[in-house]
Amino acid sequence: MGVVNVTPDSFSDGGVNLEPRAAVASARRLRAEGAALVDVGGESTRPGSAGVDADEELRRVVPVLEALSGEVPLSIDTSKAPVARAALDLGAELVNDVTALRGDPELAGVVAESGAYLCLMHMQAEPSYDDVVSEVAAFLEERLAFAVGAGIREELVCLDPGIGFGKTVDHNFELLRRLDELTALGRPVVIGFSRKSSLGKLLGDPQATTGSVAASVGAAVAACERGATILRVHDVQEHVEALAAARAALA
Ligand code: HH2
């Protein structure tokens, strides 16, 4: 899954794709580099980022989705029902909701009605856990049951531990080390470690706000080996090449 943030303030590519023409070109490039899906988002989830209302989010993403519709397989990174509805009408196949259906009470119905895929992600405000992996697993299991209760078919749902969302460096890597406890939930697992600050912190910069492409690729290859199904990444070509080599070596 390639990432295109149509935002001025996303943590690693803020501003780069704010112009629709740039965002469309980025999405086409990521697709050509081997992304199965391109995740388009109009609101940054970066801590401290000012949220945007649905009108502004629609203004950012709709021109991009219109231009790509029917050409590039699309995912919409949103927590808002009107944005998801517009994206699904333009052919998006997956709704990527970082609030796991806790943000907009209308979103579950929109997804259920459309028959689209759904990604449920874990996030919490404070990095305080007794056992991060079992708490994230219990949360995702509960959110999966909620989605199914709202009429979304279980086989359309994937689960994401939310790397970097209310987690320390140790929490993020523990989630990868024990990924089998998340794959045991029986749904495909999504991992988004790409360029995240934990990678920069791991490499010795406590103030890091991003991580390098090389460190992102290392984490992604490990995640894949531990059973992740979807990798959400900004640098598709580097990940595709690394995974091809890793796969050949491990097959
Ligand atoms: N991470 C970000 C945004 N959306 N969705 C899923 N499912 N998993 C993730 O790990 C995830 C996500 C944050 O990264 P990015 O999109 O690069 O930045 P921003 O939220 O600032 O736009």
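1. Let me start with N17, which is found in the loop between β1 (2-5) and α1 (20-32). Helices here are DSSP runs of H or I with at least four residues, strands are runs of E with at least two, and both are numbered from the N terminus. Please keep in mind that this is a predicted model, in which local features need pLDDT of at least 70, side-chain atom pairs count only at pLDDT 80 or more, and totals for chains, interfaces and linings use all residues. Residues are numbered from 1 along each chain as its sequence is written, and side-chain values use heavy atoms, with hydrogens and water left out.

2. Is N17 buried or exposed? N17 is buried, because its relative accessible area is 4%; buried means under 20%, exposed over 50%, and partly exposed in between, with a 1.4 Å probe and protein chains only. Not counting residues up to four places away in sequence, N17 touches V4, N5, V6, A22, A23 and S26, where contact means heavy atoms within 4.5 Å. V64 is 47 residues from N17 in sequence, and the C-alpha atoms of the two are 9.9 Å apart in space.

3. The side chains of N17 and S26 make a polar contact at 2.6 Å. A polar contact is a pair of N or O atoms within 3.5 Å; within protein, one must be able to donate a hydrogen and the other to accept it, and residues adjacent in sequence count only if both atoms are side-chain atoms. S26 itself is in helix α1 and counts as buried, at 11% relative accessibility. With residues up to four places away in sequence set aside, S26 touches V4 and N17, and V4 is also among the residues that N17 touches.

4. Now to the ligand, which I expect you will want to inspect. How many residues surround the ligand? There are 17 of them, and the closest are S10, S44, T45, D160 and H234; a residue is near a molecule if one of its heavy atoms lies within 4 Å of it. A nitrogen atom of the ligand is 2.8 Å from an N or O atom in the side chain of N96. An oxygen atom of the ligand lies 2.8 Å from a polar side-chain atom of R232, and an oxygen atom of the ligand is 3.4 Å from a polar backbone atom of G192. On its own the ligand has 480 Å² of accessible area, and the protein covers 99% of it, by the Shrake-Rupley method with a 1.4 Å probe.

5. S44 is one of the residues closest to the ligand, and its place is in the loop between β2 (38-41) and α2 (54-68). S44 is buried, with a relative accessible area of 9%. The side chain of S44 reaches the backbone nitrogen of R46 at 3.0 Å. Apart from neighbours within four places in sequence, S44 is in contact with T7, D9, S10, F11 and S49; S10 is also one of the residues closest to the ligand.

6. Two backbone angles are worth a check. Most residues other than glycine have a negative phi. A100, however, has a positive phi of about 55°, and L101 has a positive phi near 65°. A100 lies in the loop between β4 (94-97) and α4 (107-114), and L101 is placed in the loop between β4 and α4 as well. A100 counts as buried at 0% relative accessibility, and L101 is buried with a relative accessible area of 7%.

7. P127 is in the loop between β5 (117-121) and α5 (132-149), whereas G166 lies in the loop between β6 (157-160) and α6. P127 is partly exposed, because its relative accessible area is 39%, while G166 is buried at 15%.
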